[in-house]
Amino acid sequence: MSLATTPSKPAAESPATARVCGVAAGAELLLAGGVVAFATETVYGLGADAGNPAAVARVFAAKGRPRFNPLIVHVADLPSADRLGVLPAAARRLAEAFWPGPLTLVVPRRAGAGVCDLVSAGLDTIALRLPDHAGARALVARGGGAVAAPSANRSGAVSPTRMEHVLAEFGREIDALVDGAPSRIGIESTIVGCIGQPVLLRPGAVTRAAIEAVLGEPLRAPAGGGGITAPGQLASHYAPRATLRLDIVQPLPGEPWLTFGPAPPHAPAFPLSAGGDLTEAAARLYAQLRAADALGAPSIAVMPLPGHGLGEAIADRLQRAAAPRPR
Ligand code: TXA
Ligand code: MG
């Protein structure tokens, strides 16, 4: 038996392309069991009411996501997080320092809180995130208060930072997309496991240094020697169709090249940040990967990037995008 769910076929009555709507209509659809894509400050999410197993199952099906890979539950305020999970002292300190913001906390799950088992893939923990995006928070608040949402891309593929990315991939499977601007940050939230000593499960938009400064101690590496950390952190992920070649200072003739900082003339080139700014590079990473991939070349070259600060999350995504794929 394959563990992966197969992508769902569009329902006969579903429109050819998803409806683009505002927060109020999106929230109504969520309450009615719909699947609604929405902008956050990191990447676009594919949301469903976390208490509705049928709606959550549609999210797994649309993404082709393995059922063992749990979803993040988005909340609109700290009391909602407290209703769904038990925040240990370290988690509370991090929540107070970084929420609303691009940090996800994995904490013990509160029994009987109304989140269906499918969301947490049967684990007794729950991943909670309070986004720093007013539209996302309003949608969550009005759409039932707990919205399970993975990034709005096919499982294993490049995350979406623009509305058009989502519509191109999911136009037929989702009920609506809440109108939104390009993602401000462009790279997913940092995930910190707060079961016992805090563990960095996924580097992301909040840097390791910022988190460690609040905790007053270093974050631990996940157990298991760097393989799978969060269940979804599979070696191959965030991958374009083309093969990715990292740390390339001399690309092949005609090979798309993602550059960082000053670069010698080359075509086609896709600058992440001409000025060598990691924040700008993170914001552009996925859109430039998608644009380079759209040329249809067999490989894409990437210039070396520094690994400090946001560079840790960028390097994590690039390494997974470059990893050999199970096909
Ligand atoms: O920025 C983000 O976090 C975006 C936006 C949409 O909020 N969401 C996102 O979701 O990146 P997704 O599904 O692409 O990644 C969620 C990660 C997966 O690696 C999953 O395994 C992990 O969170 N995760 C979820 N629940 C978990 C849990 N209980 N324990 C450990 N990891 C968990
Ligand atoms: Mg994802």
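The points below take up the backbone, a helix pair and the cysteines.

1. The model is predicted, with local features needing pLDDT of at least 70 and side-chain atom pairs counting only at pLDDT 80 or more, whereas totals for chains, interfaces and linings use all residues. Residues are numbered from 1 along each chain as its sequence is written, and side-chain values use heavy atoms, with hydrogens and water left out.

2. Two cis peptide bonds deserve a look: the one from Trp-99 to Pro-100, with omega near -10°, and the one from Ala-267 to Pro-268, with omega near -5°.

3. Ala-121, although not a glycine, has a positive phi of about 50°, and it counts as partly exposed because its relative accessibility is 24% (buried is under 20% relative accessible area, exposed over 50%, partly exposed in between, with a 1.4 Å probe and protein chains only). Tyr-238, likewise a residue other than glycine, has a positive phi near 55°, but at 3% relative accessibility Tyr-238 is buried.

4. Helix H1 (residues 23-31) packs against helix H5 (residues 134-142) at an angle of about 40°, the axes lying 8 Å apart; these helices are DSSP runs (H or I) of at least four residues, numbered from the N terminus, and the axes are lines fitted to C-alpha atoms over the stretch in contact, with angles running from 0 to 180 degrees between N-to-C directions.

5. On the cysteines, a search of the whole structure finds zero disulfides, a disulfide being a pair of cysteine sulfur atoms within 2.5 Å. Cys-21 is buried at 8% relative accessibility, and Cys-194 is buried at 2%.

Key. Chains are lettered from A and ligands numbered from 1 in the order in which they are written. Helices (H or I, at least four residues) and strands (E, at least two) are DSSP runs, numbered from the N terminus.
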